[in-house]
Amino acid sequence: MDPINPTIEESWKRELAEQFNAPYFHQLKNFLVEEKKNNTVFPPGKFIFNAFNLTPFDKVKVVLLGQDPYHDNGQAHGLCFSVQDGIPHPRSLVNIFSELHDDVGKPVPVSGNLESWARQGILLLNATLTVRAHQAGSHQGRGWETFTDMVIRKLSEKHSGLIFLLWGRYAQDKIILIDTSKHHILKSVHPSPLSANRGFFGCKHFSQTNQLLREMGKKEIIW
C-alpha cells in the first residue's frame, strides 16, 4: 500500500503516523474517494483535520467531544459544534451559547465559529470526521471512530491534567479511553434541544473549566 500523507499539523502527524498507514485507514480513504464521486461530503477536504491544525498536540488543554459533523450546506468546518461565519447557529450551539451566557456572562456571539476556542487549546473533536450531505451519521462505522479513539488514547497517555468535556451518552462512553486518575472529567447531558433541559443548562462547565485551569497554573480560556 502506498503511504498516506495527510495535510495535518506536524505534531499530530508524528503522533498518528501509525494510524495513517494502518489497513483500516487505507480502507477509509478508499471509501471517501468513492463517496465523493457520487455524493457531496462535508466538511470540504481542507477542513477535515481542522481541529488538529488549529490545536497542535502539545497545546491541548481541553477536549470537547462531538459525534458527527453538521450535514447541511456551509455548516461543517472540522470543529465539533462550530459553524462557519455567517451560518445560522444550530440548535445545540444556541443552547451552548445560552449556558455560556448564564454561566460566565458572555454575550451570545454573532458568529457560531469556535476557532478562537481551538486556538486557545480546546480540541473540538468529532468522533466521525466526515458525513454525506444531508444524511446524519452516514459515515459512521467506516473507520473514523477507530482513528479518533486513538486520538483520545494518545492524549490521555501523553498528557496530564487535561479537561474532558463529555456532553451526552455517546461522548461519555469514551471515558473508557481516558485515564481518569490524571485527567479531569466534566459530564453533562447533550446540549441538544431534546435533552438540554435535563442538566446541560446549569452545568457551569465553562466556569468550572477555567477554575480547573487556574488551579493547574494554566491560562484560562477566553470564551
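User: How many helices and strands does the secondary structure of the protein come to?
Analyst: The model is a predicted one, and its secondary structure can be counted element by element. The count for the protein comes to 9 helices and 6 strands.

User: What radius of gyration does the protein have, and why does it agree with a compact globule?
Analyst: The C-alpha trace spans about 50 × 35 × 25 Å along its principal axes, and of the 223 residues 53% count as buried. A compact globule with 223 residues would have a radius of gyration near 17 Å, so the protein agrees with that expectation, its own value being 17 Å.

User: Which residues lie closest to the centre of the largest pocket?
Analyst: The largest pocket holds about 690 Å³ of space. Of the 39 residues that line this pocket, the closest to its centre are Gln67, Asp68, Tyr70, Ser92 and His190.

User: Which element gives the largest share of the lining of the largest pocket?
Analyst: Three elements, β2, α5 (91-104) and α8 (169-172), each supply at least two residues of this lining. By class, the lining has 17 nonpolar, 17 polar and 5 charged residues. The largest share, 4 residues, comes from α8.

User: Which helix gives the most to the lining of the second largest pocket?
Analyst: About 300 Å³ of space lies in the second largest pocket, and among its 15 lining residues Lys29, Leu32, Lys36, Ile48 and Phe49 lie nearest the centre. The lining divides into 9 nonpolar, 3 polar and 3 charged residues. With 6 residues, the most is given by helix α3.

User: Which elements each supply at least two residues of the lining of the largest cavity?
Analyst: The count comes to 1 cavity of 30 Å³ or more, and about 30 Å³ of space lies in the largest cavity. Its lining is made up of Leu65, Gly66, Leu125, Asn126, Ala127, Thr148, Ile152, Tyr170 and Lys174, which by class gives 5 nonpolar, 3 polar and 1 charged residues. The elements that each supply at least two of the lining residues are β2 (62-66), β3 (122-126) and α7 (144-158).

Definitions and conventions. Residues numbered from 1 in each chain as written. Predicted model: local features only at pLDDT ≥ 70, side-chain atom pairs only at ≥ 80, totals over all residues. Heavy atoms only, no water. 1 Å grid on protein atoms, 1.4 Å probe; cavity = no way out; pocket = protein on both sides within 12 Å on 5 of 7 lines; lining within 4 Å. Points joined across faces, edges and corners; volume = space filled by probe spheres on them. Nonpolar A, V, L, I, M, F, W, Y, C, P; charged D, E, K, R; others polar. Rg over C-alpha atoms; globule rule 2.2 N^0.38 Å. Buried < 20%, exposed > 50% of the residue type's maximum accessible area, 1.4 Å probe, protein only.
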